[in-house]
Structures are given as structure tokens and as C-alpha cells.
Amino acid sequence: MSSGLNRNKWEPYIWLLPSLLLIAIFVIFPILIVFKLSFSEISKAGVVKGFIGFDNYIEAVNLPAFKTVMLNTLWWVLSVVILSTLLGFIIALVLNQKFHGRKIARSILVFPWATSLVIQASVWNYIIKAEYGNLNNVLLNLGIIQQAINWRSSYQIEFVWECWVGIFVTVPFVTFCVLSGLQSIDESLYESATVDGAGFWQKLWHITIPMVRPSLTVSTVLNIIYVFNSFPIVYTMTKGAPAHKTDTMITYLYMLSFYERKKGPATALSVIGFLILCLCAGIYMISVMRKEENL
Amino acid sequence: MRFPELKQQNRRMFLLLLLGLILSLILMSLPLYSFDVGVYTKKSANTFVGDKKFQAVRQEVEAVAEDYRAQGFNVEISENVLERVNSKGETTSLITFTVSERYSRNFFSFLGKGLPSSTVLTLVLALMAASVLFAVIGLRRTEDVVHFSLDSRAKTLRGLAVAAVLLAMLLIPVFILMNNVTFSRQLSLYNSELITEGKEAFFGKLDRFLFDGKMGEDIQDVLAGLQIAHSGMIWLLIPTLFISLVAAIGLRNGEIKSGLLRGLMYFFIVIVCLITLYPYYVMTITAFRSNAESLDMHFLHLFPTKWIWSNLTDIINRGVPRYLLNSVFVAGGATALAMLCGIPAAYAMARMNFVGKKAFLGFVIMSQMFSPVVLLIGISQLMNTLHLNNTLWGLMLINAAFNQAFAIWLLRGTFVSISSEMEQAAMIDGCNTVQALTKVLIPVAMPGIVTALIFVFINAWNEYTIATVLISTAQNRPITVGITQFSSFNMIEWQYMFAASLLATIPVVILFMSIEKHLTAGLTSGGVKG
Amino acid sequence: MKKKLFALFLIAALVLCMVPAAFAADDEITLDVIICQYGNNTNEWFERGGKGMDGSNFVEKFEAANPGIKLNLEVVSWNDVHQEVDTRIANNNAPDILNLDTFSEFLPDNLLLPVKDYCPDALFEDFFPAFMEDFLVDGEYWAVPDLASARALYYNVDMLEEVGVEVPTTWAELKDVSQAIIDFYDGEVYPWGIDMTTDEGQAAFAYYAWGNGGGFIDENGEWALNSDENVEAIEYAISLVNDGYTNPNPATQTRYDLQDMFAAGKLAMMIGPNSIPTYVAEKGGEINMATAGLPANEGNTSSSVGVKDVMMAFRDDSAPDQAARNEAIGKFMQFFYDPVNYVDWVSMEGFLPAVNSAVSALVEADPSFEAWLDILATCKFYPTSKAEWAQVRQGVTTVEQDALTGADVRAGLDALQAEVTK
């Protein structure tokens, strides 16, 4: 698509400059500081001492909760990204149909996106309280349950709730990305497929999915990053309790830094997380973009 | 399909519609509701069967039962003995006596009793009747049509039939809810004197419903321990009405299969919307509750007994408008700046060839890979150096920078999807690159730009972590940080927190809804060619 | 056109950088103060623009009374305060005055200013001597107490009467009473409140360990986390949960949740601070409540648990006139602890005072304070002056939470002890 509007070879860089400066100063500089800190000794109060090599990394990897937290993070990212992509995709397919009240339905669906995560997490926290939570109230009044249920009776269930809130806030983003992809599909493609005798599943598999794949790529890459780095949901709902069993990497390193005051390992952990993300998102992007080639 | 076949199919659909409705009516006539009345429970601790205390309590309970029997109740007494040995080796016991009689009622006994659920039920029945009516008139009109397509009036009529059935179906849970609210929650509110307004009228209605108004003054005693229960069969009303819904859609669209699919689709949409709105319902009702009611341990209130509007004025007096203004300033400024920097970059990425293009894209994505929580120390150090600590400007710059990735990615996609022919033509006419961008491309790409704008605005509006550390005076707090003052060490004031949250959410939602159209249009181009 | 655009960027960037860089006048001292958010009126009482202190606020009143000193005071929520303080310290930008629950983590880096450098003698004499003892490390006082709270057992009088039981004083009795309550109310009422959340787990440790003759430290002041008494105590607390005598989710149900349940008559007994009656009243609860000592294990005496928070001043080597800065900090302290202001604040927050001069006024306003002051005098406090305190506090919480999911208490405490003393 690039038609080469630039007249000299430096011009593109001038166009990029403001953005580049903004990112370099306000994002890359802090990132570099994190890298530096991860190789430094940091006192309990946060005073930065000298260079200590890889000690922080070694300590971080050997933390007792390290394995649990990494597994949690994996589950967290996988379940939230996959389920919200799936749900978002289905909802988008439905919302792409013509029906009365479609505009209202779309507007409603956008709500969770427009509300800050701290608030969302607080509301859900309030909803699922066993003693005065609204969920029990509604279900009791509907006669579906006869007694108030303890909705968070074990840490596994609490973790499921956290994932649910994660999905709840991520679905709208996926839905709208997919919807946009769906809208660009030419109706005539479906019509000719129908003439050829293709059923619903065949059309879905051979027309719809390939056509929305690029939109899904965008939403998936960004979701992986955002979900991995998501902090407020877990922190507001459980603070990782009991004993880091519901912590994800980002909340764990927060607890490590500010509650246990192991600031060095916490910083090292954040760099490890960054590298993992780079690897995952990088592999995903390269593999997908190679297919498209129209970058 | 020829006309006679269509006619036959229409008949079948209509019969199916009737079948669903008749099944529903049959269910409604079953005694699905049961009421335990005259319930009296007496517990006595450290009492042993046969001892003095036991005899005394037993007599007391007998007296109550006798009293009920004198009023014509067929009550029974049951007793339950629980004995345990405690850590000191002493035996302790607890005896529970219960007195009660059970009554059964069907749906139709609710009609015309003036209860909230009576109104709902009337509405349901009216809607069911209306759906038949609409379908019949709609069918009539098809009989005159030679071709198998419906005329627009028939279509509207049959559409109305669909809407009527759908609405009736949705009202069933409301009916169930209303009954439970009346007979357990509201009743216990009156019994415990938590509300006193309209008490006599309320008990009068229950008397008429259960005993044809014979109880009079005694009704309050009789109902003191009322327990309502309904059979699980009640939920079968949803599938039976769903049959009618499918038939009604079938009548309109012609096929049973499409009727089923669309019926399921409506069902799905309604469920998704309800789940999505649920937390907002909770936020709203909590925001207008009194502090006392916000912890409703006995699940008495689905809605506030009294809407406390002063919660809003309270939070307004505690700095919320200032915080909102700060947020508008920061989010607005960050959005403007992100666009000012992002549009040229995206333009270069979309339209120009240069070395390091992919590297730049990678660089941009990479800038997103650290959570702000992790970068706090670096950001704060930077802000100290730039003398931007505790300023809204600093917050604005940070937000703009953190949203570059999204803006550039989205805008680049939009630009790529727009043909460059127009710009090339403009440049041949003597425009320079900047003019080609501002005069030609930007107007065309407006939907995409609006989309990116909204994305950045919302992200900046919702940013919390960096603001907590950067901002250190009350005057400069954005709303996300301002809200935290309602959950302090001593007390969480849920009602204030959610009222402030609603105030913080509403502007964004309105903004969002107003550009919902552009959003899909914009992302189309952004996504597909991305 | 293009150049114009870039000029615009440049100007915008310059303006953005210039605006906030306003410089303060030379002879003026600005103090950065961070106060923790105790209650729902803390912001209104302290912060500029607030109306919580006689229609005005601390900052404006202080500045009016002390010309030449400006306050840059921020009330921060407990959730965010460590994050903010640590970030500032890492950037060499520590606040001048900080209010927090601990101070020991700042000692190793020599960040704090000794109390004698800024605190006027008269004020120093005014602090409860028993409180000050804990702030003495290496022959120097490093912080002053800002307030205290004592914890007692609150119980629902009507409930216990109805069930026909007495307030438990021993652990065995506690289980009996709990079983009786469960039986009587069919499990609708939780007999006993336990809070082992991430922010309060150390309190649970103290309640049970101290009631069993154990504790955080031994008589020599060394960490003794894995003593037999402690293991038994935590196992007992966990058994209360496992027997179903407590609120169902101790790892995530905070003290607010417990207080809410107590206020609604859903919880029969809980351990809490003296602010509970006010809390319950504000939440609209009408609970007939009374206090008692914490139950202890057979053969041990119960001791109340006290919590005291601190005010401290940080060094700032870059300040041009150290003496003037110290004097300004002193003036802040004097103004804050001035009975007129301090009594108003402590009674608003519903805590107990830390200075003698406030006692008479507080007792006059609310006679129930006297009983609490007596309890305070017999309280045990956390060993906050030990440098590992933050780690221990988090560590015991983790052990408790681990035990809730079935892990071995002894192994957990052994590991913690080994880590802390290594």
C-alpha cells in the first residue's frame, strides 16, 4: 500500500519524531531505569545502592511463591484472553445481525469498557459478598436459591471470579474489533456461498473467520499485553490472598515490593515478565504478520 | 414455495403459537406456590426433654397452636431436640418447636388482588392475548396476498406479535421476583417495623389474597412467620413461552428454523445485556442508599427504600467536581497530544517507505509491555527532573505517551485502508505533504481518528496507578484517585464510592454512545488492514 | 505548513515544561507532609480547601499561625501510602514529615531525623513514656506516636443471652459458646470473627499467640516466631475456621466486613478497636454490645493488643538551613499536638490519644475513654522497632493464609524464623 509519498529519505523520520520523543522520554526512559534497578541492590525503604549483578534475578526465581504465581499468570492470561476472544466473537456475530434494538444492545455492551478497572473490581467484590452481596439478594428473590451462598468459598473459586471480571471487561474490546472486521465482509461472498450449498458452519469457517482474523490479531496482541499487566482486579478483590495463591505476576511483584519489601527481586521479576511478554507477543506477531505481509 | 403451502405453514405456526400459550396457561393454573402460615418458632436452650423448662415451653407452644386452631387453622406442632456434650463434659441441649399450616395457590389467584405481582401477571396475560390477536390479524392479511412475500402491515403486525411474546417471557422472572419481594422481604420489613408507611393496606392485600379478607386484625400475627415457596416447575413457563416466541418469529420470517435461531438469538442478547447491566444496577441502587441500608444482611431491599439524593450533594461537597474537572483536563489534554503526535507518525507509517519501519512498530508495541505499576520509580524520577511532579501537565504527558501505541496502530490501519489516490492527485495539484494530510486524508479518515481519540480518552480517564504517585495535593487529584477517599481505614462508604463512580462513568458512557457508529466504522479500516 | 506544525509542537513542549516550574521564595520553608487516611473525614480535616476542622482545615490554620512555613500536605489512603513513600525515597525525594504505622524500615538507610533534633522538650515530655520506649533504637528516639488504638472483644449481649451462654474467657469455652450459637441460630449467625487478610494477619497472630504465652519475640527481644506456643495458637485459630465457628472467608474478609456483620447482627463476637460503637451506630445498627478481655488458652492470661501509629521526620541534606528546617518541623509537631487541634482530631477519628495533655479533654467529652485508657496501659504492642518487622508481619500473614488452605503451621513458621534471623 505504501506508495512512497516521501520526497527525501529523511522526511519519514521527521514525521515520526514527535511520537518517538514522547515515547522515548516518558516510556522508554522509565523502562531503562527499571532495567538498571534490576541489577542494583535496593534497601527495604527503597534506597538504591550499588550494582549487584544477577543476584536479584536469582533471588526472584528462588522465591517460594514463584512457581505458583507463574502458573497463575499463565492461567489468568490464557483464560481471560481466550474466553473473552471467544465470547466477544460470538457476541459480535450476533450483533452483526439486523434486529430491532441493535443500537441499544451495542451501546449497552460498551459499558464495561468505559468504566475504570478499580471500580469494576470493587463492584464485583461487593456483588459476590456472601453476607450482603447483591448476587445472593437477586437469586434469593428469584427463588433460585433458598439460602445465601458463599460465592468465594475457596481460593480456586476466587481466582475464577477474578478471571470472570477480567473477561467481563475485555469482551467489549474484542466484540468491537470483530464487529468492524465483520462489517467489511462483502455480502455477496455469503450469497454465492449459499448458492454453492454451503451451510452455516462452512460459511463461518471459510469466509467469516479468515476475514476477521486481522482484527482478531490486533485485539489478541493488545489483550495479551493488557491482561498480563492488569493490576487492579486481583489487587482489589483478593490482594493475592491466601498466601499468593491468587496472585498474578504483576500483583505479586507489587506485594513483594511494598509489603515484603524485597524491592530488588520485585524489579527483577518485572523484567522477567517483560521478557516473557516480548517473547510471546513477538512470536505471535511475527507468525501472524508473515501471513499478511502487507505491513 | 407456493401460496397454498405457505398458507398451510402459516397455519402450523399459528397452532404452535397457541400450543405454547396453552401450555403456559396450564402451568399457571397448577398450584405452584405454597405458603406456610401461622408459623411460630420457639427455641429453648439448655432445656431437656421432660424437665420443668421443657414443660413450660411446651405449654406455651400448645397455647399458641390452640389459638390458631380456634381460628380455624389446621396447624401442627413439630419439635426438634439437639443435644451436645461440651468441653467440660456437660450436656447442653436445644429444643425447637414449630407450628404451621401450608396453603397452595396457583397463578390466577394472584389476579386482581392489588399486589405488585398482580399487575405484572395481568400484563403477561394481556401480552399473551395480544400476541394471538396480532397474529390473527396478521394472518388474515396474508390470506389476501397472492405472492408469498408479506406486505408491510402484515409484517409489522406479526413483528408486534413477536414483541408481545418476548415481553411476556421476560416478565415471568419479574413476576417471580415480585412475589418473593412481597411475601418475604417486604413482609419482614413490616414485621420488624423497619417500614411503617402503608402497613394496614399491605396486610389487607395479603389477607384478601390468602384468606379472602377474613382474618382482619389477626392477619399480622398469622403472617408473622410466613414462608413462601414455589415449585421449580415455575421456570417451565420460560420454555413454553419460548415455543410461542419461535412460532411467532416463524410466522413473520416464514421458516421454523429461522424462527428457532432468531428466538435463541433474542434470548442470548437479552441475557448478555442483562449481565452487562447488572453491575451498573448494583452501583446505582447502592449509590442512592443510606449508609445503613448499604449493608443489607437480610437481603431485604432490591431497591433503596428511600432514594437518598443527598448522597450526590455530599460527594459534590467533598471535592468530586474538582476531581472530575481535573480528569477532563488530563484526559482531554492527553488525547489531544496523543493525536498530535500519533497522526503524523501513523501517516508516515502508512504512506512512506523507509528503513526501520517494522522496527518502529515493534518499538511502539514494546512501549506497552511494562505495567505502569512497575515503571513508577522511573516515571517519578523523570517528573522530578522535569519539575513536573504533582502537576496535571505531567500526568497528561505520561498518559499521552502511554497511549501512543494504540493510537498509532489504529490510525495507521485506518490510513492504510484509505486509497492514496486522492492525496496523490492533490499533491500533483501543488499541495505539500502536510496539506495532503490535513486537507484530504484527515477528513476522510475522521471515523478512525474519532475512534482512536475515544480509546485514548478512556484509557487516560481511567488511569489510576501513576496518578496516585505523581499527584500529591487534593486540588490536583483526578477522579479515579479522588474516589479512594471514600474507602478509608475506618469505614468504606459504599454509597459515596459508587455515587462518585457513577458520576465518573456517565460522561464516558455518553461520549461512547454518541460515537458508537463511528467506532465500528473506524475500527473496520483499522483492523482489517492491520 | 510543516514547519509551522513542528514549531507548534516545540512551543507546546516548552510551555508544558515551563508552567509548573515556579520557584518558591527563598526565605520560605515548604514542608512536604504525608498523612494516612484514617477515617472518612481525614481529608476534609487536613487538606487545603477542606472544611472538617471548625469549618476550615489544618493546612490553612497552620499557615495562618506560622507565617513563613508552607505546608504541602497530602492525605494518602493506606492502600497506596507505601507505594508513594517508597517511590519518593527511591528518587531522593522523601517527604519531610510522614505518618505511618512503622518506622523501622527507614532506619538502616539513616533516613530519619532523630526526634531530639526537632521536637520541643515540652512536647517530648507530653508523650506517653510507655509509647516512646518502643521508638528508642541505638540510644536515639526516631519517631513519635500520633495515636493509638486498643483491641478488645466485642460481643452481642442480646445474642449470648438468648442462646444462654456466658462470654468465653478460655479457648475451650470459646468453642463451646460458638457451637451453642451455631445450633441456636441454625448457622445463620457466625459466632466468631477472624480477620487473616493481607493487611491484618499480624493482628490475628498477636491475638492468639499472646493468649497462649507466645509472641513475636522472646524475653531477650529476639525473634521467636516458631515457638511451640505460637504453633499451637495458630493451629487453634485455624481449627476455629475449620469447625465452622467463624466468618467463612478469613483470608479476604477484612475488619470492615466483620464490623458490618456485627452491626447487622450476623456476627456474635469479634475483636476490634474502640471505634466499633461509633461505626455500628453510623451503619444504622442497633446492637446491644459490651466488651470483654480476649479469651486465652487455659493457664494463660489474656493481654490486650495495642496498635500505635507514628509520626516521623526525614533527613534532607539538601535543605540550605537545617536549623530552620528542624524548627519548622518542630512547629508543625507543636501545632498538631496542641490540645485544641489534637483532641479535635483524635475524637473525630475515634482513636485513643498518645499525649497526656489530651487525656483530660477527651475523658471529659466521652467518659468511656477512661476505661479504654486503662486497657491501653496494659496493652502489648507489635515489635515495630525491629528492622525485620515489615517482613515478619507479612510472613505471619502468609503462614496463616497458607494454613487456611491446609499447609503445616510449624513448617511455615520454621521457614519464616529461618529467613528473618538469617
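**Reading the contacts and the sheet**

Just after α8(A), Gly197(A) takes a positive phi of about 90 degrees. Helices (H or I, at least four residues) and strands (E, at least two) are DSSP runs, numbered from the N terminus. This is a predicted model, in which local features need pLDDT of at least 70, side-chain atom pairs count only at pLDDT 80 or more, and totals for chains, interfaces and linings use all residues. Residues are numbered from 1 along each chain as its sequence is written, while chains are lettered from A and ligands numbered from 1 in the order in which they are written.

Me: Thanks! How many residues of chain A are in contact with chain B?

Reply: Contact means that two C-beta atoms, placed from the backbone, lie within 7 Å. Here 82 residues of chain A are in contact with 87 residues of chain B. Helix α1 (residues 11–38) of chain A gives the most to chain A's side, with 18 residues. By class, that side has 53 nonpolar, 25 polar and 4 charged residues. Ala, Val, Leu, Ile, Met, Phe, Trp, Tyr, Cys and Pro count as nonpolar, Asp, Glu, Lys and Arg as charged, and the others, Gly among them, as polar.

Me: And which element of chain C gives the largest share of the side that touches chain B?

Reply: The contact takes 52 residues from chain C and 46 residues from chain B. The largest share of chain C's side, 7 residues, comes from α9(C). That side has 21 nonpolar, 17 polar and 14 charged residues.

Me: Now the sheet: what is the strand order in chain B?

Reply: Strands of a sheet pair through backbone hydrogen bonds, either parallel or antiparallel. Two strands count as paired if DSSP finds at least two bridges between them. In chain B, an open sheet of 4 strands runs β2-β3-β1-β4, with antiparallel pairing. Strands β2 and β4 (227–230) of chain B stand at the edges with a single partner strand each, so one side of each has no neighbour in the sheet.

Me: Which residues stand opposite each other?

Reply: β1 (residues 33–45) and β3 (residues 91–105) of chain B pair over 11 bridges; Ser44(B) stands opposite Ile95(B) in β3(B). β2 (residues 76–85) of chain B pairs with β3(B) over 10 bridges, and Glu76(B) stands opposite Ser100(B).
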